[in-house]
Amino acid sequence: MPVRIETNGEVVTAYLEGELDHHSAKAIREEVDMAIFKDSPTLLVLDFRDITFMDSSGIGLIMGRYRVMSGLGGEVHVANPSPQIAKVMKLSGLDRLAQINPAMKGSKAQ
Amino acid sequence: MNVVNEMKLDILSRSANESFARVAVAAFVAQLDPTIEEISDIKTAVSEAVTNCIVHGYAEKLGRIYITVRLTDTGAVQIKIRDAGCGISNIKQAMEPLFTTAGGERAGLGFAVMQSFMDKVSVRSKVGSGTTVTLTKHLALRVKANG
């Protein structure tokens, strides 16, 4: 499964891997939602450092998780998008819904 | 402006082919020595157009998607992506950002991404016959000699 989840109960971090398109979004969504519903965290971090490609299906995925987390009174942060992914995110106005952290310390994203 | 090279793809509207289509187009365009950003832009736009054929044109039924890529001696890349699906009744509305008929978690940004990442996007469609999207991008000219 192209998602690695780390959680401390309060913060769920989902490290996404590979290509995020319409084909792969469903499996990623199911993994992330399972972790959210198990822990009801206050913060979901979606880490894009190992995502090599994303189209607007990724925007749908992030917006969908934003809705789920809003329902729980929580927030979504997006970490380490590559320049290509940041470009798609910027176009969508996603930065109004979720905090985007382009290059967190220790990131291998350029 | 002369066409110096051309390729055609004919694929089934399986979602696994979204990745194949964008990678195949990018591999063909690579002979024009594009920048990493140009290649990323083209891959993203092709992914959006092919996903539209699958999600909207054929609405999860199985059909064929026809892709033609032409390269010109002026460094232009022209990509035609055609389906024989349901067609679009209102193209102007379909191209508006955030408009979608698909529901679920479709963002409604496919055409907005194509328009932002390519120099020109044109759409021809007939209800019941299908849709053709033509994407054009002019690459900074670093054309290698064609063998």
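Is A:Glu6 buried, partly exposed or exposed? A:Glu6 counts as partly exposed, at 40% relative accessibility, where buried means under 20% relative accessible area, exposed over 50%, and partly exposed in between (1.4 Å probe, protein chains only). The structure is a predicted model, in which local features need pLDDT of at least 70, side-chain atom pairs count only at pLDDT 80 or more, and totals for chains, interfaces and linings use all residues. Residues are numbered from 1 along each chain as its sequence is written, chains are lettered from A and ligands numbered from 1 in the order in which they are written, and side-chain values use heavy atoms, with hydrogens and water left out.

A:Glu6 forms a salt bridge with A:Arg4, the closest N and O atoms being 2.9 Å apart. A salt bridge is a side-chain nitrogen of Lys or Arg within 4 Å of a carboxyl oxygen of Asp or Glu. A:Arg4 is partly exposed too, with a relative accessible area of 38%. In chain B, B:Glu6 pairs with B:Lys8 in a salt bridge whose closest N and O atoms are 3.8 Å apart. Here B:Glu6 is partly exposed at 35%, whereas B:Lys8 is exposed at 58%. Over all chains, the count by this rule is 14 salt bridges.

The salt bridge between B:Asp41 and B:Lys137 (3.3 Å, N to O) has another setting. It links distant parts of the chain, since B:Asp41 lies in helix α2 of chain B and B:Lys137 in strand β5 of chain B, 96 residues apart. Helices (H or I, at least four residues) and strands (E, at least two) are DSSP runs, numbered from the N terminus. Both B:Asp41 and B:Lys137 are buried. Salt bridges that share partners also join A:Arg29, A:Asp33, A:Arg65 and B:Glu105 into one network.

Across the interface of chain B and chain A the rule finds 6 salt bridges. The contact (heavy atoms within 4.5 Å) takes 26 residues from chain B and 21 residues from chain A. About 1800 Å² is buried between the two chains, 53% of it on carbon and sulfur atoms; buried area is the accessible area (1.4 Å probe) that two parts lose on being put together, summed over both.

On the side of chain B that touches chain A, the elements that give two or more residues are α1 (16-29), α2 (36-57) and α4 (110-117) of chain B. The largest share, 10 residues, comes from α2(B).

Of these elements, α4(B) has 6 of its 8 residues buried, so it is largely enclosed by the rest of the structure. The buried residues are B:Gly110, B:Phe111, B:Ala112, B:Val113, B:Met114 and B:Phe117. They pack against α2 (56-71) and α3 (83-92) of chain A, together with α2, α3 (91-94), β4 (120-126) and β5 (130-138) of chain B.

The cysteines remain. The structure holds 0 disulfides over all chains, a disulfide being a pair of cysteine sulfur atoms within 2.5 Å. For B:Cys53, the nearest cysteine sulfur is that of B:Cys86, 10 Å away. B:Cys53 is buried, with a relative accessible area of 3%, whereas B:Cys86 is partly exposed at 40%.
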